[in-house]
Each structure stands twice: as C-alpha cells, then as structure tokens.
Amino acid sequence: MADPEPERDEEPETDAERRKRRAQFLRELNEAKALRDRVQPRRARAARMRQQMRMRTFRW
C-alpha cells in the first residue's frame with residue numbers, strides 16, 4: 001500500500017501550512033456533507049433528529 005503523502009526531505013511544515021491544509025479539508029468535508037444531505041434528504045432529516053435528541057439528553 002502506497003503512502004498518500006509523499007516523503008519530504010524538507011523541515012516539518014509550519015503551523016500556518018498545517019492550518020491552511022486543515023481549513024481546506026474542513027471546507028471539502030462540509031461540501032461533501034451538504035451534497036449528501038441534498039442527495040439523501042430523508043437520511044439527512046433522520047440524522048438531524050438524532051443529533052437534536054442527543055443534544056436534548058446531554059447533561060451539562
């Protein structure tokens with residue numbers, strides 16, 4: 001199995017680079033979730049209901 005990240009001989013990435021990569025990942029994740037919600041509205045609604053139930057029963 002190949003590594004998805006190629007080996008780099010440079011110094012470790014800076015905090016700014018890591019934050020930039022993380023922001024890009026989170027943007028793509030949110031896009032994917034939005035697309036899934038549009039494609040499967042019933043499942044999305046059920047997931048929202050389950051989340052609301054979890055929040056309602058959560059103890060602070």
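Start with the salt bridge count: it comes to one, taking a salt bridge as a side-chain nitrogen of Lys or Arg within 4 Å of a carboxyl oxygen of Asp or Glu. Keep in mind that this is a predicted model, where local features need pLDDT of at least 70, side-chain atom pairs count only at pLDDT 80 or more, and totals for chains, interfaces and linings use all residues. Residues are numbered from 1 along each chain as its sequence is written, and side-chain values use heavy atoms, with hydrogens and water left out.

Select Arg21 and Glu13. Their side chains meet in that salt bridge, at 2.7 Å from N to O. Arg21 is partly exposed at 49% relative accessible area, and Glu13 is partly exposed at 26% (buried means under 20%, exposed over 50%, partly exposed in between, with a 1.4 Å probe and protein chains only).

Now zoom out and colour by secondary structure. You get two helices and zero strands (DSSP runs numbered from the N terminus: helices are H or I with at least four residues, strands E with at least two). H1 covers 15-39 and H2 covers 41-57.

Next, pick Lys33, Arg36, Arg43, Arg50 and Arg54, which gather in a positive patch on the surface. Patch members have over 30% relative accessible area and no salt bridge; like charges are joined within 9 Å, nonpolar side chains (Val, Leu, Ile, Met, Phe, Trp, Tyr) within 5 Å. Lys and Arg count as positive, Asp and Glu as negative, while His and the chain ends are not counted. Each charge is placed at NZ of Lys, CZ of Arg, CG of Asp or CD of Glu.

Which helix gives the largest share of the positive patch? H2 does, with three residues. One to click is Arg50, in helix H2 and partly exposed at 47%.

Last stop: Phe25, Leu26 and Leu29, a nonpolar surface patch with about 250 Å² of accessible area together (Shrake-Rupley method, 1.4 Å probe; for residues, only the protein chains shown count as cover). Phe25 sits in helix H1.
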